[in-house]
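Colleague: I have a model open and want to learn how to read its features. Could you take me through them, one at a time?

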Amino acid sequence: MTAQATNQHAEAELIPVTDVEIITRVQQFYYREARLLDNRQYLSWLGLLTDDLDYRIPSRFIPTPNPQQRGTEAYHAVDNELGRGGPYQAPLRVENVFTLAIRADRAFKVNAWADNPPPRTRRFITNVEVFKTADGYQTYNNFMMTYSRHDNANFTYSGQRRDTLREVDGELKISRREVMHDWDVMSIPTMGLFF
């Protein structure tokens, strides 16, 4: 079974959360995460991640339609456009908590020219959907982020995040994140940001 088929099958089996307290808790988690990142509190942000985190940013491309899927929603499924590996489909980033910690720490080094002066970002998180899983929650949320850096033009990033949140010592933490940018051609200054 392909990754795309697996994801569509898994999504069909998800149970939507209707408990307002849980939905609010997840939303507040994302708002706090956005605040920490926009305030450049990267080390605090690392505390929102599990030790076994799987963090990915697949590339986007224009796929050749599969004629066997014609007439179904799978024919135009977003998952068909995601480069998760294989020939000509290298992901933009595949990271774990260790590599993210190195990048977070690097931002505070004097010789980190890409981060001095630091960029200004503002994240907007919307369309949060929460589904119950065996050990936590599967969530979907959209993001838009503005980016501004000294003497440079301003840019906007947008896309969707698919997360798995897990309870660790009574707190929500991100154990898996897949960030799907809306563009297949990146005309932005950096992908070295935390999404």
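Colleague: Which residue in S7 is the bridge partner of Ile125?

Modeller: Two strands pair if DSSP finds at least two bridges between them. Strands (E, at least two residues) and helices (H or I, at least four) are DSSP runs, numbered from the N terminus. Here, Ile125 has Phe143 in S7 as its bridge partner. Phe124 stands opposite Met144, also in S7. S6 and S7 pair in the antiparallel sense, over 12 bridges. Two residues link them in a hairpin.

Colleague: Before we go on, what kind of model is this?

Modeller: It is a predicted model: local features need pLDDT of at least 70, side-chain atom pairs count only at pLDDT 80 or more, and totals for chains, interfaces and linings use all residues. Residues are numbered from 1 along each chain as its sequence is written, and side-chain values use heavy atoms, with hydrogens and water left out.

Colleague: What does S7 do on the S8 side?

Modeller: S7 and S8 pair in the antiparallel sense over 12 bridges. Gly136 is bridged to Arg166 in S8. This hairpin has six residues between its strands, and Asp151 in the turn has a positive phi of about 65°.

Colleague: Which residues touch the most other members of the largest nonpolar core?

Modeller: A nonpolar core is a set of buried Ala, Val, Leu, Ile, Met, Phe, Trp, Tyr and Cys residues joined through side-chain atoms within 4.5 Å. The largest one has 36 residues. Trp45, Leu49, Leu100, Tyr157, Leu165 and Phe195 touch the most other members. Elements giving two or more residues include H2 (20-38), H3 (42-46) and H4 (97-106). H2 supplies the largest share, six residues.

Colleague: What is Leu100 in contact with, leaving aside neighbours within four places in sequence?

Modeller: Its contacts are Trp45, Leu46, Leu49, Leu53, Tyr55, Glu95 and Phe194.

Colleague: Where is Arg40, and what is its phi?

Modeller: Most residues other than glycine have a negative phi. Arg40 has a positive phi of about 60°. The residue sits in the loop between H2 and H3. Arg40 counts as partly exposed because its relative accessibility is 31%.

Colleague: And where does Asp169 lie?

Modeller: Asp169 is in the loop between S8 and S9. Its phi is near 50°, again a positive value in a residue other than glycine. At 79% relative accessibility, Asp169 counts as exposed.

Conventions
Buried < 20%, exposed > 50% of the residue type's maximum accessible area, 1.4 Å probe, protein only. Contact = heavy atoms within 4.5 Å.
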